[in-house]
2 protein chains.
Amino acid sequence: MMDERLAVCLISGGMDSTTAAYLAKRQGFGIIGLHINYGQRTEERERRCARTIAELLGAREFMEVDIGYLLQIGRSSLTDRSIEVEDYDPSDEDLPTTYVPFRNANLLSIATSLAEARGAEAIFIGAQAQDYSGYPDCRREFMEAFQRAIDLGTSPRTHIRLIAPFLEMNKTEILRLGLSMGVPYGQTWSCYRGGDLACGRCGSCHFRRSAFRELGIEDPLRYEDEGHD
Amino acid sequence: MMDERLAVCLISGGMDSTTAAYLAKRQGFGIIGLHINYGQRTEERERRCARTIAELLGAREFMEVDIGYLLQIGRSSLTDRSIEVEDYDPSDEDLPTTYVPFRNANLLSIATSLAEARGAEAIFIGAQAQDYSGYPDCRREFMEAFQRAIDLGTSPRTHIRLIAPFLEMNKTEILRLGLSMGVPYGQTWSCYRGGDLACGRCGSCHFRRSAFRELGIEDPLRYEDEGHD
């Protein structure tokens, strides 16, 4: 047990990060779950999902971190209630309003501090660039730059590998992999809006539903417009 | 005023970050002060110092951010009360116990999010490697890696320059520069321990006092052992 290889897994409660954590487990890592609230609309539900996933994975530790400052800083529809979450629009070439400035660097810095303190060898992040090519901090080049910052900014004895397995995969491929590992997608949450049921129309719902549809599998989540679809 | 160039200045309340902020001002930047509490022993005093400095600089904005998670993560004598702050020992080759895992990456990620949201062009950080060569995240190579992460992880329209002017300067050189700009060092705090007066013996006090001594100038701060020194 003392010699178990550990991985810090960023678990938001959504599909991608959950699938990444299951992949870490399958690769033999003991899981340190890290869930970060940054004042997003759907915080409470995502927190519950992340905690459930960590339990199901038999995580060695589950840490919840609140970083209210992204809310103080503002500028994203995910954290600023005065900006509306837009419906998905494939013709829109701007960064989506849901972009949170430099969010992944903040998440990865926390994950690295935790990994260094616990002697973990890896960090898993579910970032994927395929669908949301608009998020600069979801690209391979960014992850490579951050890996270098980790290598140079931690103790010389520390070696942490940043693993972002889904950067070049789309939602359908991630879902297919996850289903093959038995990921309980009914326990995950994707919708950007804060309703009781998933809205079905925001960018995140859009790609999730398309993925299930493409594989011809029923999404265990319930949507607002169900029955009309 | 709308066209003023803005810089986010990380102001801890200590000598180096204060001097860096004065340098930003002298270079013509409008100042956005950013003070980050991470559960360190001397938090309250540093907060007061940072706020005073921001006022004296006529900062456009002063943001205080609390990140309790470095305390949750532990492993440093600055945040973990069960680990003692050691006296300065030049023969010790290990990382000092005051090392907080990957701290500067966390601070810089927050600063970058704020800079991107406000349209600031620069981030000033007072990190210096000369005295504490033990901190990996205070080295030039780390700053260069982080600059690359900023370039790749923010919007293509965003251009933020990470300015760490003191990396190759020692405390005496920083102090000389600061005095030439009229930095009010009586309003700064350096001691790692949480006493009413500065202890005079921790690494941070040690280098501060040496610098004043070397320039033959009286430190406006009061120390515990004053009169015996």
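This is a predicted model: local features need pLDDT of at least 70, side-chain atom pairs count only at pLDDT 80 or more; totals for chains, interfaces and linings use all residues.
Which residues of α2(B) are buried? Residues are numbered from 1 along each chain as its sequence is written, while chains are lettered from A and ligands numbered from 1 in the order in which they are written.

Helix α2 of chain B covers residues 43-56; helices here are DSSP runs of H or I with at least four residues, strands are runs of E with at least two, and both are numbered from the N terminus. In this helix, E46(B), C49(B), A50(B), I53(B) and A54(B) are buried, where buried asks for 20 or more other C-beta atoms within 10 Å of a residue's own, exposed for 12 or fewer, and C-beta atoms are placed from the backbone. An α-helix has 3.6 residues a turn, so residues three or four places apart point the same way. On the other side of α2(B), you will find E44(B) and E55(B) exposed.

What do the buried residues of α2(B) pack against? Their partners are α1 (15-26), β2 (30-37) and β3 of chain B; residues are in contact if their C-beta atoms, placed from the backbone, lie within 7 Å. Just after the helix, G58(B) takes a positive phi of about 60°.

Now for the sheet. In chain B, 5 strands form an open sheet in the order β3-β2-β1-β4-β5, with parallel pairing; strands pair if DSSP finds at least two bridges between them. β3 and β5 (161-163) of chain B stand at the edges with a single partner strand each, so one side of each has no neighbour in the sheet. Strands β1 (residues 6-10) and β4 (residues 122-124) of chain B are joined by 3 bridges, and V8(B) has I123(B) as its bridge partner in β4(B).

Finally, look at where the chains meet. The contact takes 36 residues from chain B and 36 residues from chain A. On the chain B side, α4(B) gives the largest share, 10 residues. In chain A, I67(A) lies in the loop between β3 (61-66) and α3 (69-73). I67(A) is buried, with 24 other C-beta atoms within 10 Å, and among the residues that I67(A) touches is I67(B).

Key: Two residues are in contact if their C-beta atoms, placed from the backbone, lie within 7 Å. The expected span of a helix is 1.5 Å times one less than its number of residues.
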